[in-house]
Amino acid sequence: MSRKGFFTDSTTCIGCKACEVACKQWNQLPDDGFHFTGMSYDQTGDLGCSTWRHVAFVERPVPLPGHTTGVGDFSWLMVSDVCKHCQRAGCLEACPTGAIVRTEFDTVYVQPDVCNGCGYCVTACPFGVIDRRPDDGRAWKCTLCYDRLGDGMTPACAKACPTESIVYGDLDVLHERAENRVRELHEQGIISAYLYGKDAANQPGTGGLNAFFLLVDKPEVYNLPPDPVVPTMKAREAWSAVALGALGMAAVAVGAVLLGRRGSP
Amino acid sequence: MGVLDLLSRWPVLRQLLRGDLTALGETAMTERSRELQPRTARADRVVKSVCPYCAVGCGQDIYVKDERIIDIEGDTDSPVSRGRLCPKGSATFQLVTGTHRVQHVLYRRPGGTEWERLPLERAMEMVAERVKHTRDTTWEDTDVNGLNVQRTLGIAHLGGATLDNEENYLIKKLFTSLGIVQVENQARI
Amino acid sequence: MPGLGITLGRGGATTFQQDLRNSDCILIQGSNMAECHPVGFQWVMEAKARGATIIHVDPRFTRTSAMANQHVPIRVGSDIAFLGGLVRYVLEHERYFKEYVTHYTNAANLLREDFQDTEDLDGLFSGFVPEENKYDVTSWGYEGIEGPTPAAGHKELYSEPGAGEGESQSTRITEAPKDFTLQHPRCVFQVLRRHFQRYTPAIVAKVCGVPEEQFLKVAEALCANSGRERTTALCYAVGWTQHSVGVQYIRTATILQLLLGNIGRPGGGILALRGHSSIQGSTDIPTLFNLLPGYLPMPSAQPSPHLDDYLKSHTSGTGWWSNFPKYVVSLLKAWFGDAATKENEYGFRHLPRLTGNHSHMQTVADMADGRVRGYFVMGENPAVGSMNGALQRKGLRQLDWLVVRDFTLIETAEFWRTAPEIQRGDVKPEDIRTEVFFFPAAAHTEKDGSFTNTQRMLQWHHAAVEPREDVRSELHFIFHLGRRLKALYADSGETKDQALRELTWDYPTKGTHEEPSAEAVLREINGYTIKEGQPVSGFTALKDDGTTACGCWIYSGAYADGVNQAARRKPGHEQTWVAPEWGWAWPANRRILYNRASADPEGRPWSERKKYVWWDDARRRWTGEDVPDFIVDLPPDYRPPPGASGVEALAGDNPFIMQADGKAWLYAPAGMMDGPLPAHYEPMESPVKNALYGQQCNPTRLEWPRRGNPYHRAWGDPRYPFILTTYRLTEHHTAGGMSRWLSWLSELQPEQFCEVSPELARERGLSNGGWATLRTARGDLECRVLVTERLRPLKLNGTSVHQVGIPYHWGVTGRIRGDGANELLPFVADANVDIQESKALTCDVVEGRQATRARAATGATQPALPEGLELHRRDSLRAGEVDHVPWQEKKKDEER
Amino acid sequence: MSSSGEEEPSFLDKLQQRSDGRNVNPALGTLLGEGAQQRVKDLDGANPARTVSSSIPSRSEVASADAPSYHGLAAIKQPVWIATVPAYLFVGGVAGAASLLGLVIDVLGEEELDPLARRCRQLGTVGDMVSAGLLIADLGRPERFLNMLRVFRPTSPMSIGSWVLALSGGLNTVGLVLGRSRGVLGVVGKISGYSAALLGMPLAGYTAVLLNNTAVPLWQATRRTLPPFFMASATASAGSLLSLFPHSPREEGVLRPYRLAGKTAELAMGYAVEHDARRAPEVARPLDEGVSGALWKASRACSVAGLVVDVLPGRQRWKQVAADLLTTVGAVTARFAVFHGGKASARDPQATFKPQRRGHGAAEVVPAHAVASDGKPFSFPLPVVR
């Protein structure tokens, strides 16, 4: 099987949220409650256990080159966020039960029949994607429509997306498409356009994202970390510290017992 | 299920047998995951339809299993929509299968404070009677100026932009034959 | 859609959504296309990807603006000034498509000497009758044409003063004097130029709040992207129509597109974006009081009740509408079958007659006055969706019975319990004597039928499952209601019941529910020959001798060859980009209307790049990508012989065949109620005085002055200093009946909110995410506040004007609930089409949750105007302190 | 707005009910999707982080040039763990340390120390059991706790820990049961006990790695110091708890140096942790502010007091008890402080973003890596991207 993924182009996102609903419909997820947020047109806030696609709305006092507005220096950025299906996936590597697996499509899938809700994946994701549903007890996230892929179908969000802001396909093809798009935007003067997480060179901390993005402002603005790292990459230092600590513990115990013996009458 | 069977399904053993040190992939998969299928593959039939919201006219595929709808998504054949749907169109499944849909005729009597159930046939009969009564009592052969009008202004209709052409046609046809002229829809409002 | 109809001949989008990809420039104005038609917007994005310039002119910076190359904020209700400015720019800078304009429009026609323009009369045209707020249109005609000029589009206008009673329509219109040099001072072109002379960039800035440089940038983009090689498309929606002068908005746009030569050409045209699945269909097969199917006028009360007189006064001497009798007789045959004979005028005398306005707002006003006893509401929610909701509900309270057919308990069904005035205790449910029947309606998944989409295309949806329990389709309801009524009246010998008794009503049914066959209905709509009972192939096969029946002539062909053409689904990727074998578009499956204009007068494509339909000299016929919208074998060089009539009077270079003269009407010598040319009038409620004319508002607008429907001062009402505009969100649908009950949509926009600029927020102490109270004379509401730079105060004539935006989806029943925005709107309408003005009014905004939810319709009063300010101006009709409005007034003797 | 009063729900109320968030009538539609099996009781509770933003989007964090964020929302998810987890961090550590001490006494100590060794093993075994219980209590699906042993994932400290805990608990139990047997069984028991005791070291330390191996800024940033801190703290608390039991002066001869060394090390490592965290002020903030800050300060105070009281002259029992209690409380509090501090740092988007901009993200482990994901240099503050 070839590696599959999403290319999400923020410059063609019209913020319609079709992806959010198409995802909920296909996966038959519950609503997340009805809360007004005051955060532009974003009322769902973030990705979560029952929101696997989320559209971010960024109102910023910066113009987009090639676009003139009558409301002063201003632009409205939108992008549909999703599980990144990282090459080095924090959740996958953290999952102790084997509930989270890498599929033949190179995507990351949570097996709901295995997950026991330990919650470790939640802390391990550098993007804040996966979440445990309190009343269900298990961790949930985008499956990249693992059920559909097997049948050659397009994931629900990418299929619904009216403006091809979300494109699904073979990663090689997506990479080429994305690079062409960046070139095109640069030619149009939008020199701030860049690919977020396209590959390991671009984002070594994750080894590249199967769901990568074209953005035009800092990642933080879209609630994406600038230099994410899968925690496992840093765990070596912690394990070394454990080894040191173990030596210390042993030394203290041995020392104390020896001291106790010498001090005996 | 025997112990052996259980053991054979224990991924740790598979891990050992395969020498899969990390168990990040297929080794850790369950039967369910291996046999996962889209639910549409289990549909009895796919019915071609059109989105009921705005007038873009997106094509929809409706998947039916056991006379129940299991999925509604965009029709990739449509030259207008190319399989895409907006959030409303994507929510069509909830629109047509939702618990919000009333399943029975309801009746609120004059001065009433709650709905009552009414059999469909009875309700139809009552409405027909009321149309007849109102029409007969408000009929005008001529208007105040003595011009021939052949109508009733006692009955009015509103609605149509969300209905099918065939429905609008019968509405217009029946009501016009009844002398009802106040037939209107959202095209105005 | 008379804006398009009067100008071009048909009241429908001239193009189709997929064609937008061929555009070099797309101007979206009066529409928030990305939000309201996201899937259609893919074609705009495709055009953009191909290098097209996208321009969005809108009061707010919306999701459409975010995608546009240029966003131009404009004051709500000032679009005619903006478009007029563009028209002026095109004319003054000689950027119009000369050959196109000369040959395909009425630019060369000469006007009568007694015509006077707004230039002469400070905002009025000649013929205004102030006592009636109406125009006598006689002076608007072409020179040398006596009597009324036949206008296409909305034919019912013939029954208006001066339009077409008695005489059969003149055939001489095609021979009316013209000056093809366009130099004659009274030729349409020169009149147009003079009319728009004052719409300078400076005045655009002053009226619209659009800085000159931005305006000029738009003008230049449009001009640079029009002509032989390039085309510009225009998209609009209810942002243009819902004004007291809305039809003229579209007229202005059409004039602009005609001058630029963009109508009938690929990538050009005007795309009317409609908001309901079959709103185009419900105008084509109208559930509208003034029309019969296929834009045939409902007969109005005339001294002569005869078919002949009706036909005589509505048949055009020339052009396609000369076929009028065929369509009328075929319709009557479809309705009354064998009982319709030549002798009994095909049952024409049984049709009810109009006496003036019977539109929705008039009906509700009458209802509130107790004159309407029974009301059917099917798939509509006037308690939320219609203007002045409290007055709507007051009407409902006066009914004897109400039938609501919907999916669930929408506000209209629940008006007697959950409405604001009931919650407040102003009205008690026990005192409401209305009997309410709620019938659960079948969804599109549960019934067969066709929708006509925004591009006039019929698409069939097949029933996927049977409706459960008592759920039934409207088709079922109306069919069985008809059956029962026929039974109830079976023994009646009265003349008034004859129409019903003779009505053909024998559609085959199927299933346990006895669901009538929608295909059988479509077959009747398509038409058939009486003798053989065979479906006709199209409207050209219809006859006026009673040998054919046809329920809606423009839909004739939808069931050609006995095949449901609307159900055709040859995949788009297996067809040309036009995809003619997907669904079926009226008329005759044409996808771009007036496509004869995509070729030059000699029949050659204007350019290789914009090739679409052309004359194939070898085959002696028109050919191309689409079904030619022309007489298919009429050569471009054909010229009618003098005295020719009917379709024969059209020349080979007359692409607008529905028009009596085959030309598009830059100037409308007939058909419009409020002027032959568009003029900027302020909305009925506006913060500013009309900067262009002394006439403040559309003089012919319809008002319902009554206590329950109070108006603000026409301009500068200090009590209501801000502009208010209403709109839709992507996440919701209309009055919310199909979205606020769905959790997947509700969570995306859970609460009613208003949008204000940071400046207004500071002025009024509003904070983002907090609460605000909005007030108009009709009532008030509470909503959340979104403070955003997407809205900015506009500089108008030196003063700063604030605009407030509010979506109108909320109501009091549903999984999410809120105060309905349309509660704040008044009843006021465009005289041409009775569309309400919901896009522009004035309001006040205060911080916090201060709504009283008292409504003018239930007796609430508004604060008094400060001393010295009078409420009414010279153009205001009459005082509004009445509860009961006189009705069906007896005409004065001299008028009869 | 709702029409519901005290009386029974109206027909309308029933229609408006929200039920399971899909609200599908089973007679009309069937739920078969992947998420259809998601159990729903509280629709609003699943996303508790929702707040109303009062700042104007284009003039708030979004637009901030030096500290951009998405409406100030958290960049990562807050850990979903409940209080049983910090409790386990403590208990597991004590169990591990005690087991180890037991082993050392067994091997090196005289016979008089056997009761102490036995108490150590008991403490270790009970600790393992309680640990398992605490961990299971935290699971979203406790009935599936056995899935923890479904695979062995060396990438997952929790997987390693589960195996360690399971083995340690199992072996400790075997050791305890068979410890006094003779013959083969006795040998098996001894070996089990010794193995369990050796596992006590990773058991005391891996809990820190469990925290370190996350995206939670505070936890990730302290990966070099948190494990020794936890292990030192485990030693201190094990010593203190064992000292609280009645014990002989001979035993005190072992326990006192053990305890004091542990307490001293804990104190020192605590400062090391703080120092580690302070490399980024946003990361360390939870140690100074809020609930976690208070807990941390209290923990430090208790630890200091526990040590000081312990070394003060005089050997009164009350003093000893006070010292040991202070140390224990300090150790427990430290776990809670670190736990809540982690949650707080997860809530603060800048705790994630800013350190990464300073090169504390992937750049720390990928040497040549010198630019952020947007292709800009890490150095902060950034110019607003134009």
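Q: Why is Gly3(C) called buried?

A: In this predicted model, Gly3(C) has 30 other C-beta atoms within 10 Å, and a residue counts as buried if 20 or more lie within that distance, so Gly3(C) is buried.

Q: Where does Gly3(C) sit, and what does Gly3(C) touch beyond the residues up to four places away in sequence?

A: Gly3(C) belongs to helix H1 of chain C, which spans residues 2-8. Leaving out residues up to four places away in sequence, Gly3(C) touches Val247(C), Tyr249(C), Ile250(C), Arg251(C) and Thr254(C). With Val247(C), the separation is 244 residues in sequence, whereas the C-alpha atoms are 4.8 Å apart in space.

Q: What makes chain C as compact as a globular protein of that length?

A: Chain C holds 24 helices and 31 strands. For its 896 residues the globule rule gives 29 Å, and the radius of gyration of chain C, 26 Å, is close to that value, so the chain is as compact as a globular protein of that length. Along the principal axes, the C-alpha atoms fill a box of roughly 75 × 70 × 65 Å. Of the 896 residues, 69% count as buried, and among contacts in chain C with a separation of 6 or more, 73% are between residues 24 or more positions apart.

Q: How is chain C divided into domains?

A: The assignment gives domain 1 (2-155 + 167-272), domain 2 (360-445), domain 3 (456-472 + 495-587) and domain 4 (702-858). Between domain 3 and domain 4 of chain C, the C-alpha centres lie 42 Å apart.

Q: What makes E13 and E19 of chain C edge strands?

A: The order E13-E14-E19 describes an open sheet of 3 strands in chain C, with antiparallel pairing. Strand E13 (449-452) and strand E19 (584-585) each pair on one side only, and they are the edge strands.

Q: How do you know that E14(C) and E19(C) pair?

A: Two strands pair if at least two bridges are found between them, and strand E14 (residues 457-461) of chain C and E19(C) have 2 bridges in the antiparallel sense, so they meet that cut-off. Leu458(C) stands opposite Trp584(C), a residue of E19(C). Across E13 and E14 of chain C lies helix H7 (residues 165-177) of chain B, which runs at about 95 degrees to E13(C).

Q: Which strands of chain B and chain C pair, and how do you know?

A: Strand E4 (residues 106-108) of chain B and strand E12 (residues 435-440) of chain C are joined by 3 antiparallel bridges; pairing needs at least two bridges, so these strands pair from one chain to the other. In this pairing Arg108(B) stands opposite Val436(C) in E12(C).

Q: What makes up the side of chain C that touches chain B?

A: In total, 136 residues of chain C are in contact with 102 residues of chain B. Helix H20 (residues 474-488) of chain C gives the most to this side, with 10 residues. By class, the side has 67 nonpolar, 48 polar and 21 charged residues.

Notes. Residues are numbered from 1 along each chain as its sequence is written. Chains are lettered from A and ligands numbered from 1 in the order in which they are written. This is a predicted model: local features need pLDDT of at least 70, side-chain atom pairs count only at pLDDT 80 or more; totals for chains, interfaces and linings use all residues. The radius of gyration is taken over C-alpha atoms; the globule rule is 2.2 Å times the number of residues to the power 0.38. A residue is buried if 20 or more other C-beta atoms lie within 10 Å of its own, exposed if 12 or fewer, and partly exposed in between; C-beta atoms are placed from the backbone. Two residues are in contact if their C-beta atoms, placed from the backbone, lie within 7 Å. Axes are lines fitted to C-alpha atoms, for helices over the stretch in contact, and angles run from 0 to 180 degrees between N-to-C directions. Domain bounds come from an automatic or database domain assignment. Ala, Val, Leu, Ile, Met, Phe, Trp, Tyr, Cys and Pro count as nonpolar, Asp, Glu, Lys and Arg as charged, and the others, Gly among them, as polar.
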